[in-house]
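I am opening a notebook on a structure that is new to me.

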Amino acid sequence: MLTHSGKGARRALAGIGLALLLVVGATVPAAAARRADPGAGCPPAQPDCSVWDDEPGNPGDPGGGGDDGGDDGGDGGGSGTCQWDGRIIPCYDEFLGWFNSGDGCYYKLEQPQPEAPEGQQWYVRTCNGGDLGAQTEVLLDDPPAGFGAPPNPEELARRALASITLLPAPLGVAPRKRVGPGLVGLPVWMWSEKNPNYFGPIDAHETDRGLRVDITAAVTEIVWDMGNGDKVPCPDEGTRYEPTGDRAGKTSPDCGYHKGYQKAGTYNVTATTYWTVTWRGGGESGEILVTRNSGIVPIQINELQVVTR
């Protein structure tokens with residue numbers, strides 16, 4: 001039996017207030033059906049993207065905890081994830097072969113295959129969960145446990161997701177603190193830029209050993225936090241406010257805080273976009289949910305002054 005040195009490589013508003021607006025945020029670009037938990041963050045292979053409003057504030061973040069839509073626990077394994085010595089590792093590695101959880105070793109058929117007794121085959125074995133170290137040629141009667149497992153479609157979907165960029169939406173709000181204050185009781189308009197990177201749809205695919213999985217990522221809702229405990233859900237990017245447009249001084253037709261603020265003060269407006277990533281392949285389909293959190297837009301609201309004689 002021959003032992004040799006291995007190369008086990010290891011491979012993110014109305015009226016006065018409305019007329020005083022304008023914001024276009026600038027972006028710093030940096031699972032039959034199964035469903036992942038909502039509240040996901042950025043896939044690990046995806047840049048940690050931030051969005052800033054045109055007024056200094058806090059950058060957006062990739063989202064909260066939960067299923068992050070991309071953490072397959074490995075680095076490109078095509079047949080799910082395995083565990084060894086407290087670590088999550090890919091069940092398949094293109095250089096090391098298939099993992100056997102019984103002994104913590106990867107097995108790959110030796111190529112070219114040396115002469116072997118009838119019914120037996122030579123395998124290259126890499127132990128200790130594939131860490132760098134000695135590789136051994138072993139002669140086996142049967143394939144080891146886990147050998148030849150097919151690719152996992154959902155894992156391929158997550159790898160495809162990690163290859164695309166889902167950015168948090170840049171926010172537009174009227175009125176704007178830096179331009180001028182709004183007034184108590186007047187409606188507020190909210191919108192974002194219509195761009196596939198912010199709302200989709202974005203398509204991608206991943207292929208492994210003849211299995212192809214396609215994904216489509218699109219925003220299903222954007223929820224605005226008005227900074228006073230109220231939240232406003234909108235189905236899409238909304239409509240930009242135009243001070244000289246037909247609806248100047250009125251409520252937004254699709255995404256607005258119609259009742260306005262009831263007290264004077266400064267409010268920090270943020271928004272969360274909810275992405276649904278649908279995947280299909282290998283006779284299966286499913287969804288992966290991902291969120292993106294925007295930056296902060298401050299709004300100044302003043303009391304309406306009434307002049308009497």
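**Entry 1: strand β21.** I noted first that the model is predicted. I then looked up strand β21, which spans residues 297-302. Which sense does its pairing with β13 take, parallel or antiparallel? I found that β13, residues 182-183, pairs with β21 in the parallel sense over 2 bridges. I looked for the bridge partner of L183 and found N302 in β21.

**Entry 2: strand β19.** I turned to β19, residues 265-281. This strand runs antiparallel to β21, and 5 bridges join the two. I also wrote down that Y267 stands opposite I299 in β21.

**Entry 3: T273.** I stayed in strand β19 and picked T273. Is T273 buried or exposed? I read a relative accessibility of 1%. Buried means under 20%, so T273 counts as buried. Next I listed what T273 touches, leaving out residues up to four places away in sequence. Its contacts include P168, A169, Y198 and F199. V219, E221 and I222 are also among them.

**Entry 4: nonpolar cores.** How many residues make up the largest nonpolar core? I found 41. Within this core, M190, I215, W224, M226 and Y261 touch the most other members. Strand β16, residues 211-225, gives the core its largest share, 7 residues. I then found a second, separate core of 6 residues. Its members include C82, C91, L96 and F99.

How values were computed: Residues numbered from 1 in each chain as written. Predicted model: local features only at pLDDT ≥ 70, side-chain atom pairs only at ≥ 80, totals over all residues. Heavy atoms only, no water. Pairing = 2+ DSSP bridges. Helix = DSSP H or I, 4+ residues; strand = E, 2+ residues; numbered from the N terminus. Buried < 20%, exposed > 50% of the residue type's maximum accessible area, 1.4 Å probe, protein only. Contact = heavy atoms within 4.5 Å. Core = buried A, V, L, I, M, F, W, Y, C linked by side-chain atoms within 4.5 Å.
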